[in-house]
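Colleague: Hi! Could you walk me through this one? I'd like to start with charged side chains.

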Amino acid sequence: MDRAIAAASRVRMATSPRPWVGAIIEPGGYSGATDGQTGPHAEVVALRAAGRRARGATVYSTLEPCSHVGRTGPCADALIEAGVARVVVAIADPDPLVAGQGIDRLRAAGIVVDVGVRADRVRRQLAPYLKHRTTGRPYVVLKLAATIDGGTAAPDGTSQWITGPEARADAHRLRAESDAILVGAGTVRADDPSLTVRDLAPELVDLPRKGDPLRVVLGTAPADARIQPALEVHGDLGEVLDHLGSLDVLQLMIEGGAAAAASFHRAGLVDRYVIYLAPALFGGEDAKGLFSGGGAPTIDDLWRGRITLVESLGSDLRIELEPATAPLTGDRG
C-alpha cells in the first residue's frame, strides 16, 4: 500500500477533479495510477501492466474501485474479469456513485476484499477529494509567508522576497495541486500577481500536471491586471465555496492578502494552514502582519489548532496547522 500511495503522489497535480489514486499488483509489483483527467483509473493501468499475470494476484488500491460507467468502465468489473483473488483497499469512496458498491461487487464475485490498510495516510492524501464529495465544497488551504516575528511586509509595502527559493518552489507545488487560487482585490491592485505555476522544484518538473489553476478574486480586479481573466466573487464566503465546488474545484488555495486570509480564518473555513517562516526579523511593531483587523481580545479567545508538519526548506521552515476539530490523520502521503 505504501507503494500505491507513492504512485498516487506522482499524479497528484494531474487528475483533479478525479481522485489521484495508486494501485499495485502483487506478485510482480505492477504499478498503476490515475491517468490524467480522462484516461483509465489506477487499477486498470496496473492490470494492463500485469496482463495475464493478474490472475490469482492481490491488488492494493488507495481508493475503492469504482462500480459505475463514467469516463471509463467500472474498475470492479475489470478486476473481476482479470481473475484477481484479493483486493486490499485503503478507504471506501464516498462518491454517491460508488459508496461501497465497488466493494460489494467484488465480494459478490468471490474476491476477498480487505479495507482500512494505511487509511489515515490515504485520507490525508485524498483530503480535498473526500471533502468535495462529502460537502460539495473545496478543501481550503491558506498559504502564508512571514518572518519569525510574524511580519509579511515592510511598512512601505515591500514584501518580496521574504522566503528563499526552496520555499517559493514549494508554494508553486501547492498552486499546481490546487484547482483554484484566491486573492483579494487589494492584493491584485498592490502586487498585480499572475498566479501561474512557474517555479516547481526540479524533481516535479517532469511529472504530469493539468494547466494553471482557476484564478479567483475576492472583489473586483482591474481589467488590465495580470490575473485576468479571473473569476470575481463577492458576498458570503460559504456561498463562494459552494459556487467553486459546483465548478469542480476540489482544492482552493488562498494566497493573499491579509484581509482575505483574515476573512476565511475568522469564518472557520480554512482546512489547512501552510506557513513558511523565514529566518528574518523586522524587529519592530510596524511591519504588516499575517492577518488584518482585530485579533483575539483575550488569551481565552485564541484560535488553537494542532501542528501536523514541520520541515526545513532551504533556510526556511514550513509549518502546517489544522483546526483542532479536524479528524486526526497520518503523515503526508
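Modeller: Happy to! Keep in mind that this is a predicted model. Let's begin with aspartate 271 and lysine 131, whose side chains meet in a salt bridge at 2.8 Å, N to O.

Colleague: Where in the chain do aspartate 271 and lysine 131 lie?

Modeller: They link distant parts of the chain, 140 residues apart. Aspartate 271 is in the loop between helix H11 (258-266) and strand E11 (272-278), while lysine 131 belongs to helix H6 (residues 127-135).

Colleague: And is aspartate 271 buried or exposed?

Modeller: Aspartate 271 has 19% relative accessibility, so it counts as buried, because buried means under 20%. Lysine 131 is buried too, with a relative accessible area of 18%.

Colleague: Why can side chains like these pair up at all?

Modeller: Opposite charges can pair when the charged atoms of the side chains come close.

Colleague: OK, how many salt bridges does the count come to?

Modeller: The count is 23 salt bridges. Another one joins the side chains of glutamate 255 and arginine 175, at 2.7 Å from N to O. Glutamate 255 sits in strand E10 (residues 251-256) and arginine 175 in helix H7 (residues 165-177), so this pair ties together parts 80 residues apart in sequence. Both glutamate 255 and arginine 175 are buried.

Colleague: What about glutamate 322, which residue does it meet?

Modeller: Its side chain meets that of arginine 306 in a salt bridge, 3.7 Å from N to O. Glutamate 322 is in strand E13 (residues 316-323) and arginine 306 in strand E12 (residues 305-313), so parts 16 residues apart in sequence are tied together. Glutamate 322 and arginine 306 also belong to one network of salt bridges that share partners, with other members including Arg124, Asp170 and Glu320.

Colleague: And how buried is glutamate 322?

Modeller: Its relative accessible area is 5%, so glutamate 322 is buried.

Colleague: Switching topic: in what order do the strands of the open sheet come?

Modeller: The order is E9-E8-E7-E10-E6-E11-E13-E12, eight strands with mixed pairing. At the edges are strand E9 (231-233) and E12, each pairing on one side only. Neighbouring strands of this sheet are turned by 25 degrees against each other on average, ignoring direction.

Colleague: Can we zoom in on one pair? How many bridges join strand E7 to strand E8?

Modeller: Five bridges join strand E7 (residues 180-184) and strand E8 (residues 214-218), and these two run parallel. For isoleucine 181, the bridge partner in E8 is arginine 215.

Colleague: Great, thanks!

Conventions: Residues are numbered from 1 along each chain as its sequence is written. This is a predicted model: local features need pLDDT of at least 70, side-chain atom pairs count only at pLDDT 80 or more; totals for chains, interfaces and linings use all residues. Side-chain values use heavy atoms; hydrogens and water are left out. A salt bridge is a side-chain nitrogen of Lys or Arg within 4 Å of a carboxyl oxygen of Asp or Glu. Helices (H or I, at least four residues) and strands (E, at least two) are DSSP runs, numbered from the N terminus. Buried means under 20% relative accessible area, exposed over 50%, partly exposed in between (1.4 Å probe, protein chains only). Two strands pair if DSSP finds at least two bridges between them. Axes are lines fitted to C-alpha atoms, for helices over the stretch in contact, and angles run from 0 to 180 degrees between N-to-C directions.
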